[in-house]
Amino acid sequence: MMAKQVQQDQLYIGIDGGGTKCRATIYSQQHGVLGSGLGGPANPLHGLERTLESIMVSTQLALQDAGLRVEQVHDLNAGMGLAGVNLPALYDKIMQWDHPFQQMFLTTDLHTACIGAHEGQDGAVIITGTGSCGFSIVNGDSVNYGGHGFAQGDIGSGAWMGLEAIKAVLLDLDELGPATQMSAMFKAHFNTLTAMGIAEQMAGQPSSTYAKLARLVFEAAEHEDEVALSIVTQGADYISRLAKRLLENNPPRLSMIGGLCEPLNKWLDPDVAKLVERPKQPPEMGAIYFAIKNVEQNLVKAN
């Protein structure tokens with residue numbers, strides 16, 4: 001019944017693509033959220049083909065969840081916030097995609113996260129998941145910091161913590177660095193007894209694989225392991241400095257989004273931690289708001 005009711009309604013899909021997963025939500029202005037879907041990694045910096053595949057998987061699952069037909073993908077106005085498209089070459093590649101949607105509006109995952117977090121109002125947002133970066137928009141002026149990608153940047157992210165931990169464990173196992181509880185934890189995680197066994201399994205792995213190790217770093221830090229504490233406090237210090245840089249623009253609200261925002265919060269500068277507010281809406285809703293605004297602007301231009 002709902003599917004029939006929305007056939008004459010304008011349909012939108014909000015897509016939030018990052019280094020680990022891709023979320024899609026289908027939305028009707030008359031009926032609200034109709035369905036959602038979850039796909040794999042969607043950061044074109046780490047593979048354009050995989051990104052497009054993840055977008056389509058999450059879209060098809062959202063259509064199914066909404067009770068809509070597969071061919072109704074052509075009725076969707078897509079708002080898309082992707083990691084990595086702050087790089088102009090990657091933005092251009094996605095825009096050149098022969099997509100199946102009625103219309104597609106592309107921006108960064110930071111932009112759509114900020115729109116969602118503050119329901120379209122001014123504010124700042126920090127993403128701390130597989131990667132890390134910050135964005136704010138105040139009186140129409142936007143700035144972003146960080147987001148330089150793994151492994152040359154993204155300090156304080158899950159991937160960065162995993163990489164720093166791997167380097168520390170390999171030094172410990174070769175008896176060339178300080179001892180750390182993480183060595184025993186990583187040997188159990190990788191089911192190996194040697195440094196070479198860990199190095200072999202991590203060779204060529206994407207940032208998302210390194211990010212999965214962050215939980216072990218936090219676990220060791222909670223047990224007062226000095227090496228893990230050094231990694232966590234160094235990452236938290238960077239995120240605190242990133243927040244203070246964003247606050248120089250006087251945004252009325254600051255939110256953090258991503259898998260690390262909760263475990264990282266207790267390690268932040270207290271002056272920053274007390275200012276962090278919960279996002280009002282998830283990034284995929286920000287992508288929907290972004291699409292609605294663009295569709296409305298196009299209608300105004302056409303008239």
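**Reading contacts, cores and cysteines**

Biologist: Leaving out residues up to four places away in sequence, which residues does G131 touch?

Modeller: Contact means heavy atoms within 4.5 Å. On that basis, and not counting residues up to four places away in sequence, G131 touches D154 and S157. Keep in mind that this is a predicted model, where local features need pLDDT of at least 70 and side-chain atom pairs count only at pLDDT 80 or more, while totals for chains, interfaces and linings use all residues. Residues are numbered from 1 along each chain as its sequence is written, and side-chain values use heavy atoms, with hydrogens and water left out.

Biologist: Where is the place of G131?

Modeller: Helices (H or I, at least four residues) and strands (E, at least two) are DSSP runs, numbered from the N terminus. G131 lies in the loop between β6 and β7 (132–138). Its C-alpha atom is separated by 6.9 Å from that of G149, with the two glycines 18 residues apart along the chain.

Biologist: How many residues does the largest nonpolar core have?

Modeller: A nonpolar core is a set of buried Ala, Val, Leu, Ile, Met, Phe, Trp, Tyr and Cys residues joined through side-chain atoms within 4.5 Å. Buried means under 20% relative accessible area, exposed over 50%, partly exposed in between (1.4 Å probe, protein chains only). Here the largest core has 44 residues, and those with the most contacts inside it include I126, M161, I166 and F186. Elements giving two or more residues to this core include β6 (123–128), α5 (158–173), α9 (214–222) and α10 (226–247). The largest share, 11 residues, comes from α10.

Biologist: With what is M161 in contact?

Modeller: Leaving aside neighbours within four places in sequence, its contacts include A214, V217, F218, I231 and L264. A second, separate core of 26 residues includes L34, L82, V85 and L106.

Biologist: What do the buried residues of α9 pack against?

Modeller: They pack against α5, α6, α8, α10 and α11 (261–265). These buried residues are A214, L216, V217, F218, A220 and A221. After α9 comes E224, whose phi is positive, near 65 degrees.

Biologist: How many disulfides does the structure hold?

Modeller: A disulfide is a pair of cysteine sulfur atoms within 2.5 Å, and this structure holds zero. For C22, the nearest cysteine sulfur, that of C133, is 16 Å away. C133 is in no disulfide either, and its nearest cysteine sulfur, that of C114, is 11 Å away.

Biologist: Are C22 and C133 buried or exposed?

Modeller: C22 is buried, with a relative accessible area of 0%. C133 also counts as buried, at 10% relative accessibility.
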